[in-house]
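Dear colleague,

I am passing on the structure we spoke about, and below it you will find my notes on what came out of it. Please read them with the model open beside you.

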Amino acid sequence: MLTFVHIKKIEDFDFQEAEYFSLYYENNDNSVFDIFLEKHIDMQEIEAEFGDLMAWIEKLGNEGTEARFFRHEKKADALPPNLKYLDFEYEKQLRLYCLRLSDRAVILFGGGIKTTDKAQDCKNVATHFYEAQQFCKHLNELIRNKEVYIDIETQQLIIDTEGFYL
Amino acid sequence: MSITKKALGKIKPENRKFVGKSKALADQVNEVLNLKGMNQKDASIKLGKYQSEISKWLSGQHNPTLRTITSLEVLLGTDLLITPLQAKAKFEKKEYVYMTVHAQPKIMAAGQYIPTKSPNRRYQVISETRGIKVA
């Protein structure tokens, strides 16, 4: 059975440069991003990782969501930015899947603590990874049909649809 | 309170500081490459680094050591980070050039800039009797 998915702006994220959006399954008051937050917000073992992730969302929201700050995860993107180089890595690899559409628009999905090299092999994030790929497939279709598009001048996301069936 | 607001409330000053400095460093590397007219591929060839590594420099989140930053500065031929003391010494340095004006001394009043063809130098009249400074 198909489920309808709504696209809505995250009104609480009122930043200077970019807008964030998320997806809501039909009859669910919480977005997929809300569910991610609910699950991880009070986890002591990822307190620093979670704080940094939120700080990146805030920073990029205020200064622009440039492509170079996003990981590429097949059709989707992810935060936080890549830190695998040199001598630093977080103890826990928190991943938030998303779709970065312009310097001023990002759609946030779900995520989790990645425990394997490949997201597909991780029991924590595989579901979110595949869900993100599905979301991106449908969102790209809406973009092709011009139901969702980026205003060339403002780089803002214009949504001319309620959502899509998944 | 909504979960999104609560999540923003979880950002500690050290999270903001860390992310701010990480992004600033990534932006600085990006700016240097742009000024040098280099893209990631050019940079990787010139610097003898893999393109993926250059990409990671530009992506922002990292905690490089002072030695790593210094290596990057040497490779790029410019400072990436300077301390407030160094910044003060670098940017507060004034170079005074004294000149004698033989005619119409009141044409250039104090505070005015003297036109120059050099894009890196601007001469400002600091007083009609003391001379000009490089602004």
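Two strands are said to pair if DSSP finds at least two bridges between them, and helices (H or I, at least four residues) and strands (E, at least two) are themselves DSSP runs, numbered from the N terminus. This is a predicted model, in which local features need pLDDT of at least 70 and side-chain atom pairs count only at pLDDT 80 or more, while totals for chains, interfaces and linings use all residues. Residues are numbered from 1 along each chain as its sequence is written, chains are lettered from A and ligands numbered from 1 in the order in which they are written, and side-chain values use heavy atoms, with hydrogens and water left out.

The sheet of chain A

With that in hand, strand E5 (residues 93-102) and strand E6 (residues 105-114) of chain A pair in the antiparallel sense over eight bridges, and a hairpin of two residues joins E5(A) to E6(A). Within this pair, A:Arg95 has A:Gly112 of E6(A) as its bridge partner, and A:Leu99 has A:Ile107 of E6(A).

Both strands belong to an open sheet of seven strands in chain A, with mixed pairing and the order E3-E4-E5-E6-E2-E1-E9. Its edge strands, each pairing on one side only, are strand E3 (71-73) and strand E9 (163-165) of chain A. Neighbouring strands of this sheet are turned by 35 degrees against each other on average, direction ignored; for such angles, axes are lines fitted to C-alpha atoms, for helices over the stretch in contact, and angles run from 0 to 180 degrees between N-to-C directions.

Helix H1 (residues 32-40) of chain A packs on the sheet, touching strand E2 (19-25), E5 and E6 of chain A (contact means heavy atoms within 4.5 Å), and its direction makes about 35 degrees with that of E6(A). Helix H2 (residues 47-63) of chain A also packs on the sheet, where it touches E2, strand E4 (76-79), E5 and E6 of chain A, and its direction makes about 15 degrees with that of E5(A).

Further along the sheet order, E2(A) and E6(A) run parallel and are joined by four bridges, with A:Ser22 standing opposite A:Leu108 in E6(A). E1(A) pairs with E2(A) in the antiparallel sense over five bridges, and three bridges join E1(A) to E9(A), which run antiparallel; there A:Val5 stands opposite A:Phe164 in E9(A).

Burial and the cores

Because ten of the ten residues of E6(A) are buried, this strand is largely enclosed by the rest of the structure; buried means under 20% relative accessible area, exposed over 50%, and partly exposed in between (1.4 Å probe, protein chains only).

A nonpolar core is a set of buried Ala, Val, Leu, Ile, Met, Phe, Trp, Tyr and Cys residues joined through side-chain atoms within 4.5 Å. The largest one has 31 residues, and those with the most contacts inside it include A:Phe13, A:Tyr20, A:Phe33 and A:Leu108. The elements that give two or more residues to this core are H1, H2, E5 and E6 of chain A together with helix H1 (3-8) and helix H2 (13-35) of chain B, and its largest share, seven residues, comes from H2(A). Apart from it lies another core, of 25 residues, among them A:Phe21, A:Val32, A:Phe109 and A:Ala119.

Two residues to look at

Is A:His6 buried or exposed? A:His6 counts as buried, at 17% relative accessibility, and is found in strand E1 (residues 4-9) of chain A, where its bridge partner in E2(A) is A:Tyr24. The side chains of A:His6 and A:Glu26 are joined by a polar contact of 3.2 Å, that is, a pair of N or O atoms within 3.5 Å, of which, within protein, one must be able to donate a hydrogen and the other to accept it, and residues adjacent in sequence count only if both atoms are side-chain atoms.

A:Lys75, found in the loop between E3 and E4 of chain A, counts as partly exposed at 48% relative accessibility. Leaving aside neighbours within four places in sequence, A:Lys75 is in contact with A:Leu99, A:Gln133, A:Cys136 and A:Lys137.

Chain B

Chain B has six helices and four strands, and buried residues make up 32% of its 135 residues.

With best regards
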